[in-house]
Amino acid sequence: MSVFVIASLVLALLVLALVLRPVWRDRPLAGAGMLAGLLVTTGLLYALVGTPRALDASQRRAPESLSEAIVQLTAELERDPNQIEGWRLLARAHAAEGRFAESRDAYARAVLLAPDEPALLAEAAEARAKADPSRLFDETAVAMLRHALEIEPQHQRARWFLGIARRQAGAAAEAVAIWEPLLAQVDATTAASLREQIDLARADAGMAPLPPAPETAASPATITASVSLDPALAMRYPDGASVFVIARRPGGPPMPVAVEKLQPTGFPLTVTLTDADSLMPTARLSDLPQVELLARVSASGDATPRAGDFESAPVVVENGAEVSAALMIDRVVE
């Protein structure tokens, strides 16, 4: 089986598995870069390793799970280890399963093949931090990030991670100097969270906080959803479950445009979605004339639907500055 077929299937699973993770809200710079990388991987793989044989159904058997796809992709890379994007995608797949040491090692193989690609260096450095028990960027990761910025000084993810690494090392003033140029590159929502981190680093360095940011216009889209749970399901509610409130394009792909994750102590609950909850600055909630909303209870903490999860029926609303909707979680995912 060609690596293009295997990797394409891995990619489809990864989009569902990764795109909703809370890191997107907590680390918007990393989140945007991760999604952009996923969206271009299929095209890159076809250009590099696609073959007509991959289109022949008799030559392939589709993996039935992410784990099986990883096994097949690993076997293909053992056969032909000089495939940069294959190693890169394998690293992402391992990360999706929480196997961060394997992800780190796969990224290391990719970096050996492409040592001067800034985006790859930033991803590999992040993987090394995730594999570290203390989530620290080691000397190798820092060297990767510095090399990435030597090649592309405006690379946002590399600059963000290097600032984190320097702050971890106690070099708060250096972290400030690394981060502040990002303020001119990112959107207003990302800048607000970035300013908070810069001010914390400035305080650690004995520096005054940044001057107040100029006021920005409110989000042109504000959707407030009231989420209720059917009493028939209340006794079966999993301990520690997460509730996802998802906004997506009606009739479009399942990938959300905006999402909130909560761990409520009771129902009903109220959730407000704005452009701040959008997953990418190029695909904002306010860009949609209509929005499909749904709520899902996930025992695993993963927004990908799984058998036994609870969810509401989708509700389509007209988008606008002050929109309200009601969602009733009353069905079990089969």
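Buried means under 20% relative accessible area; the views below show a predicted model.

**View 1. Salt bridge between Glu311 and Arg296.** The closest N and O atoms of Glu311 and Arg296 are 3.3 Å apart. This pair links distant parts of the chain, with Glu311 in strand S6 (residues 310–312) and Arg296 in strand S5 (residues 290–298), 15 residues apart. Arg296 has a relative accessibility of 6% and therefore counts as buried. Glu311, at 18%, also counts as buried.

**View 2. Salt bridge between Arg88 and Glu117.** The two side chains meet at 2.6 Å, N to O. Arg88 belongs to helix H5 (residues 84–96) and Glu117 to the loop between helix H6 (100–113) and H7, so the contact ties together parts that are 29 residues apart in sequence. Arg88 is buried, at 5% relative accessible area, whereas Glu117 is partly exposed, at 26%. Both residues belong to a network of salt bridges that also includes Glu85, Arg92 and Glu123.

**View 3. Helix H7 (residues 118–131).** At 1.5 Å a residue, the 14 residues of this helix should span 20 Å, which agrees with the 20 Å between its end C-alpha atoms. Ten of the 14 residues are buried, so H7 is largely enclosed by the rest of the structure. Among the buried residues are Pro118, Leu120, Leu121 and Glu123.

View 4. Trp160 counts as buried, at 10% relative accessibility. The C-alpha atoms of Trp160 and Leu145 are 9.4 Å apart in space, and the two residues are 15 residues apart in sequence.

Definitions and conventions
Residues numbered from 1 in each chain as written. Predicted model: local features only at pLDDT ≥ 70, side-chain atom pairs only at ≥ 80, totals over all residues. Heavy atoms only, no water. Buried < 20%, exposed > 50% of the residue type's maximum accessible area, 1.4 Å probe, protein only. Helix = DSSP H or I, 4+ residues; strand = E, 2+ residues; numbered from the N terminus. Expected span 1.5 Å × (residues − 1). Salt bridge = Lys/Arg side-chain N within 4 Å of Asp/Glu carboxyl O.
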